[in-house]
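User: Can you walk me through a few local features of this one? I'll ask as we go.
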Amino acid sequence: MIKVGIMGGTFDPIHIGHLILAMEAINYKNLDEVWFIPTGNPNFKQDKNVTDKKKRFEMVKIATQDNDKFKVCDYEINKNDVTYSWETMKYLRENYDHDFYFIMGEDSLMSVETWENAEDFLKNTKILACIRRQEEMSKLDVKIDDLKSKGYFVEKIPSSFIDISSTKIREKVQSNQDFRYFVPNQVFEYIVRNKLYES
């Protein structure tokens, strides 16, 4: 059975931290592929100004095009209503005979039990969690142990500490700071060409 990692997210923009995490997940769990699934209408960001989903999708395609193990899925951006992770995972399980693993950072794992239909998501999803900040390591370990004690599948990816966020990148653009090494070069050029994130 093909082993596939799932990376969901707003990707506004996608950056090298996302790509490194995907590669670390492949190395750790011997995944055959990682599918990037940009969120169409993110539930947690309904009150925020999110870049057009087609542009975010295009940046993800650009960022992943040079790696045969990276695929981009348009399932969520093709939906008009709010997208939820539990629905996406249910769709994938019903339409593909693959062994899926949901990849997430520690910030997402800490709040996962507050997600829409969280119990269904956790009961039916294998989670690979990573740490972005070393100072959060002990909190992540406690959370993983708690979720595992409830019968959920959660494993920690021994990943590199890459504390880069899309928020930081947008802030750099708005303050006219150079951000070129935070994103793949072609994504950098796309952002500059399309004047994304400029205030």
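Analyst: A cut-off to start with: angles over 145 degrees count as roughly antiparallel, and those under 35 degrees as roughly parallel. Also, this is a predicted model.

User: OK. At what angle do helix 2 and helix 8 cross?
Analyst: Roughly 155 degrees. Helix 2 covers residues 53–64 and helix 8 covers residues 185–193. Their axes come within 8 Å.

User: Parallel or antiparallel, then?
Analyst: The angle is over the 145 cut-off, so helix 2 and helix 8 are roughly antiparallel.

User: Left-handed or right-handed crossing?
Analyst: The crossing of helix 2 and helix 8 is right-handed.

User: Which residues make the contact?
Analyst: From helix 2, Lys55, Glu58, Met59, Ile62 and Ala63. From helix 8, Gln186, Val187, Tyr190 and Ile191. By class, that contact has six nonpolar residues, two charged and one polar.

User: Switching to pockets. What is the volume of the second largest pocket?
Analyst: About 210 Å³.

User: What lines it?
Analyst: The lining of the second largest pocket includes Asp12, Asn49, Val50 and Thr51. Thr167, Arg170, Glu171 and Gln174 are also among the lining residues.

User: What about the phi of Phe11?
Analyst: Phe11 has a positive phi, about 50 degrees, although it is not a glycine. Phe11 lies in the loop between strand 1 and helix 1.

Terms used: Residues numbered from 1 in each chain as written. Predicted model: local features only at pLDDT ≥ 70, side-chain atom pairs only at ≥ 80, totals over all residues. Heavy atoms only, no water. Axes fitted to C-alpha atoms, helices over the stretch in contact; angles between N-to-C directions. Helix = DSSP H or I, 4+ residues; strand = E, 2+ residues; numbered from the N terminus. Parallel < 35°, antiparallel > 145°, perpendicular 65-115°, else oblique. Left-handed = near helix turned anticlockwise from the far one by under 90°. Contact = heavy atoms within 4.5 Å. Nonpolar A, V, L, I, M, F, W, Y, C, P; charged D, E, K, R; others polar. 1 Å grid on protein atoms, 1.4 Å probe; cavity = no way out; pocket = protein on both sides within 12 Å on 5 of 7 lines; lining within 4 Å. Points joined across faces, edges and corners; volume = space filled by probe spheres on them.
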